[in-house]
Amino acid sequence: MAKQEYIYGVARVRAKEMSLLNNQAVEQLIGAKEEDVFSLLADRGWERKETAEELLSAEREKMWKFIEEIVDDLSVFDVFLYKNDFHNLKAAIKMICGGVKRDRVFIDNGPKGRISPEKILQYCETLNFSSLPERMRTAAKKAYTVYLETSDSQLSDMLIDKAALEAILKAGEASSNQVIQDYAELLCATSNIKTALRCAALQKSLSLIREVLAPCKTLDVESLARGAASSVDAVYQYLEKTMYGQAADIARESFSAFERWCDDFLTEKIRFQKYQSFSIGPIAAYILAKENELKTVRVILLCKKNQIPEEKIRERVRAMYV
Amino acid sequence: MENLGIAFALLGAAFAAFMAGIGSAIGVGKSGEAAAGVLTEEPTLFSKVLILQLLPGTQGIYGLLIAFVCMSQIGVLGGDPNLSLAKGLLYFAACLPIGAVGLYSAISQGKASVASIGLLARRPDQFGKAMIIPVMVETYAILALLISILAISGIGGLAL
């Protein structure tokens, strides 16, 4: 079968990329006052909103509407959409087992998942886990049982996170596109690193760490789990032997610096998509670039709200795609 | 059997128009998709994008030209349509370059045009460079056209 081409979609993305924030625009936002950040963004075509959350949510919704226009079948972007399903599953289990209120716990606007939050909630409430998509069934049942038996919401979340990573990795492997494959692998590896560091800091047991790490190609999760069961330094020592060696040095400085490194690493990997014209790659790269932009704007707005000096904000913003 | 000469010659003319036409249709179609994509976001680029979209269309015109000249030479459009088998085969061979090269060059030029339309979307001021890149592919269609014309013109004078 002939490989599908996305000429129309890529051409629209090419034109749309011009409205993404570049490094100079980010520098301008950093130098502006909090209220002026909203005006500057409005000048670049962002909607006028009162709060940062409303602004980012509206922009994300706009981005996904655009993607729906240019791609007939959104299943090619399962790697980006699955995390919303699993987020909604975590929220549903917390609502049922922990009595958390429904207000704003679900992601049901903009980047919709592959199954509606209402259905997830309904299946969990009725303990009808078998009606959930296959990728969610086992994790939902396990997380629900763990939450009820131990009241450990963190462990319940970790189990769902692992299932999410496994589903994303599987969707990435099923894709023929390099960007989607790289994204799935990188997301899985960096999430494993974050989980391992968190478990090491909380001195969790080896059996539990094994339970929550998702196997991926670029990390040996058994070695990572053994390191995490030993100490934070042991995790760093293991990472130094992998392709994430640079990340280990950065994670030693601070966790937020490590998160920034993960985003910058991905941006660097997708940069060559600017020169592709036919595959789904440039569209996937646009989604990632837009998410990166939203993260950067969130960081700037949060820092502005907390009156953090410009120099500190500069350390936290991500490298831009354009 | 005595009519095989004209049959081969006409087959050659049809091949030239058919193959080059298919190539151009694919090329213009691909670049048209890219053009529509860019114009959805940037309607002001219409005139520049239209030129890039039309570049792969020339091979179809070359194929038509060769088919027309060939048909006129063999007497299909008027005159004496009696041709020897050898001459018929020669006309067929003369039409092959523009047919085959027209097909492949139009598709390749279409791809180059798509890339150039993407370039134009990002840098509208670089229209000149964006146009030169797909135009390079045209060279090979022109060379094939030249060979087909020279061959068709030469066959008429041969005593076969």
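Trainee: What makes the pair B:K30 and A:E5 a salt bridge?

Mentor: In this predicted model, the closest N and O atoms of B:K30 and A:E5 are 2.7 Å apart, and a salt bridge asks for a side-chain nitrogen of Lys or Arg within 4 Å of a carboxyl oxygen of Asp or Glu, so the pair is counted as one. The pair crosses between chains, with B:K30 in helix α1 (residues 4–41) of chain B and A:E5 in the segment before α1 of chain A.

Trainee: Why is the pairing of B:E41 with A:R12 called a salt bridge?

Mentor: The side chains of B:E41 and A:R12 meet at 2.7 Å, N to O, and because the cut-off is within 4 Å, this pair also qualifies. Side chains of opposite charge can pair when their charged atoms come close. Between chain A and chain B the count is 4 salt bridges, while over all chains the count comes to 28.

Trainee: How do you know that chain A and chain B are in contact?

Mentor: Contact requires heavy atoms within 4.5 Å, and by that criterion 15 residues of chain A are in contact with 14 residues of chain B. The two chains bury about 1300 Å² between them, 64% of it on carbon and sulfur atoms. Across this interface the rule also finds 4 residue pairs in polar contact, both residues being at pLDDT 80 or more. On the side of chain A that touches chain B, the largest share, 8 residues, comes from helix α1 (residues 7–17) of chain A, and the residues of that side divide into 8 nonpolar, 1 polar and 6 charged.

Trainee: Why is α4(B) called roughly antiparallel to α5(B)?

Mentor: Helix α4 (residues 85–122) of chain B and helix α5 (residues 127–155) of chain B pack at an angle of about 175 degrees, with their axes 9 Å apart. Angles over 145 degrees count as roughly antiparallel, and therefore α4(B) is described in that way relative to α5(B). The residues of their contact divide into 24 nonpolar, 6 polar and 2 charged.

Trainee: What elements make up chain B, from the N terminus on?

Mentor: The elements run α-α-α-α-α, in keeping with a count of 5 helices and 0 strands for chain B, whose C-alpha trace spans about 60 × 20 × 20 Å along its principal axes.

Note on methods. Residues are numbered from 1 along each chain as its sequence is written. Chains are lettered from A and ligands numbered from 1 in the order in which they are written. This is a predicted model: local features need pLDDT of at least 70, side-chain atom pairs count only at pLDDT 80 or more; totals for chains, interfaces and linings use all residues. Side-chain values use heavy atoms; hydrogens and water are left out. Buried area is the accessible area (1.4 Å probe) that two parts lose on being put together, summed over both. A polar contact is a pair of N or O atoms within 3.5 Å; within protein, one must be able to donate a hydrogen and the other to accept it, and residues adjacent in sequence count only if both atoms are side-chain atoms. Helices (H or I, at least four residues) and strands (E, at least two) are DSSP runs, numbered from the N terminus. Ala, Val, Leu, Ile, Met, Phe, Trp, Tyr, Cys and Pro count as nonpolar, Asp, Glu, Lys and Arg as charged, and the others, Gly among them, as polar. Axes are lines fitted to C-alpha atoms, for helices over the stretch in contact, and angles run from 0 to 180 degrees between N-to-C directions. Angles under 35 degrees count as roughly parallel, over 145 as roughly antiparallel, 65 to 115 as roughly perpendicular and the rest as oblique.
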